[in-house]
Amino acid sequence: AGACLRDLDLESLLDVGCRDVKLKSHIPPSLKYFGCDLVAGPGVDYIGDATKIDFGRSFDAIVALDVLEHVDTPHELFDKLMGLAQK
């Protein structure tokens, strides 16, 4: 069986393309959630193109659900997200 987020030693999660922040309701309350989207909304902490945002921090986990296939340069976004991942 696969690991659940509750089973992992994580403190922070960045949700790129978070839209309506639905993922937040599925993560443990102890995991600090950060939302990123092109459009402002409740729960969106970072607004704009993720490849151009200075996040000023790293994250333990990053998800980009249904995002990479919608960007012109997915490799650029992927590289940026890998750089933001906690080492």
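Modeller: Let us begin with burial: a residue is buried under 20% relative accessible area, exposed over 50%, and partly exposed in between, with a 1.4 Å probe and protein chains only. Strands (E, at least two residues) and helices (H or I, at least four) are DSSP runs, numbered from the N terminus. This is a predicted model, in which local features need pLDDT of at least 70 and side-chain atom pairs count only at pLDDT 80 or more, while totals for chains, interfaces and linings use all residues. Residues are numbered from 1 along each chain as its sequence is written, and side-chain values use heavy atoms, with hydrogens and water left out.

Biologist: Which residues of β1 are buried on each side?

Modeller: Ser12, Leu14 and Val16 are buried on one side, and Leu13 and Asp15 on the other, so that both faces of β1 are covered. With 5 of its 5 residues buried, β1 is largely enclosed by the rest of the structure.

Biologist: How should I read strand pairing, and what is the order of the strands in the sheet?

Modeller: Two strands pair if DSSP finds at least two bridges between them. Here 4 strands form an open sheet with parallel pairing, in the order β3-β2-β1-β4. Its edge strands, β3 (44-47) and β4, each pair on one side only. Strand β1 (residues 12-16) is joined to β2 (residues 32-37) by 5 bridges; Ser12 has Lys32 as its bridge partner, and Val16 stands opposite Cys36. Toward β4, β1 pairs over 3 bridges, and Leu13 is partnered by Ala61.

Biologist: Where does Thr73 lie, and is Thr73 buried or partly exposed?

Modeller: Thr73 lies in the loop between β4 (61-63) and α1 (74-84). Its relative accessible area is 31%, so Thr73 is partly exposed.
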